[in-house]
Amino acid sequence: MRNAQCQAKGPWMEMLRAHAMQNRAARVERDPGGTLSVWVEQTRRIRPPLSWIVRFRGERATRLDRIGSRVWSLCDGQRTVEDVVTAIATQYRLTFHESRVAVTGYIKTLIQRGVLAIEVAEETV
Amino acid sequence: MRNAEIGIRDVQMELWIWRHLGIRLPGDWEMLQYSLKMESGRCAFADRYGFRFEMTWRRVDGPPDFDRMLSDYQAKLTEDGMENGHRITNAGIDGLKGTMNGDTITRFGRYAAGESCLVELVFPWPDGRDKELEREVLESFQEVPAYADGCRRWRAFGMDAKVPARLTLEGCRAEPALTEWSFVDKHHRTVLRCARRGMVKEWMNESVHSWLEREVRPDARPPAHWRHEQRGGHAVDRVEGRALPQGWLRRKRHLQSEAWICQGDGRLYSWIAENAADMPSEPLRCCGEG
């Protein structure tokens, strides 16, 4: 027998307990077909002489498909990521971990794009 | 849900068969890690909060001296940081119990004689040990023999495959809403690919027949034989013909394929067999234990 590296607590637990919330400063456009465009102000600016040549856009759009829009709408700051994962799993008939992998990956991408923010719950002893 | 909240007896046990080793685990435990190797490997299962069960295997020359092996293992685990380690028995199987990083972990050893395999069954217990569940799981452990026709059974990720014994599992892809297995023979001439796709309503905007035609792309000469039949409550589309010519010899391999949407879970199941004359009539099943 070899020494198993089985750890009881899943490394995904911290993410599940977190609360994801929409960027309140974002401008949201509802597109036909249930998709969304979320416009987030860009913090990075380009400086001259580059700005004389390249037109700077103050906002960057992230377009969410139907499932992405559903995830985004569920991230209301009240629900935990686990609640969002469960809701998506139920709606699309996925297993919990199938939904977890898809939803947490998607939430991470939206956080990087400034569309969502995350509040991580503190560990209670 | 944690076992304490729902009572584990309410959860249906589900059969998993991997590497000819079978085990029944609570239905909300999912396989998150797996190994394709027959010689040695591991599978790890988790509920939504963490890992709950691990099965490791290693091919050995003969049955081990369990008593000596457990003593050596206990000493090694103590060296690695296990506290309060001691011998236990459940369902007639000898094992070890100890605490590592604050969690109780129980470990049991079995020898699978038919497979010449030493198997370790590990249970981490984050909410305390559930001896009854442990017993149920241990009692369910079995070596899964070949079918009468020599085929072997693989059952995981919602798929239940019956595979000719000469084929080995070469690849497994487990992603959200997509699981694929590919079995091949020694020379990679015969290939069996089984797949299960979810969220069908979100992406499938055609019939199963047209999806299968696009997926398999049978050659027009000679024309492929298509069949549509009802089987076990499912509308199954089947094609048999020749694949498009491949390689510099322009060989057209014989192919068979089926696809259907399971009414139970709404997923699209499909299998494609190339150059497989000995394929069983239903190499892939969806619902039911069969």
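This is a predicted model: local features need pLDDT of at least 70, side-chain atom pairs count only at pLDDT 80 or more; totals for chains, interfaces and linings use all residues.
The axes of H3 (residues 66-74) and H4(A), which are lines fitted to C-alpha atoms over the stretch in contact, with angles from 0 to 180 degrees between N-to-C directions, come within 10 Å and cross at roughly 145°. Helices are DSSP runs (H or I, at least four residues) and strands likewise (E, at least two), numbered from the N terminus. Arg70(A), Val71(A) and Leu74(A) of H3(A) meet Val84(A), Ala87(A), Ile88(A) and Gln91(A) of H4(A), contact meaning heavy atoms within 4.5 Å.

H4 (residues 81-91) of chain A also approaches H5 (residues 96-112) of chain A, with axes within 8 Å that cross at roughly 120°. H4(A) is therefore oblique to H5(A), a class left after angles under 35 degrees (roughly parallel), over 145 (roughly antiparallel) and 65 to 115 (roughly perpendicular).

Seven bridges join S14 (residues 178-184) to S15 (residues 191-197) of chain B.

Residues are numbered from 1 along each chain as its sequence is written, and chains are lettered from A in the order in which they are written. Local features need pLDDT of at least 70, and side-chain atom pairs count only at pLDDT 80 or more, while side-chain values use heavy atoms, without hydrogens and water.

Technical notes:
Two strands pair if DSSP finds at least two bridges between them.
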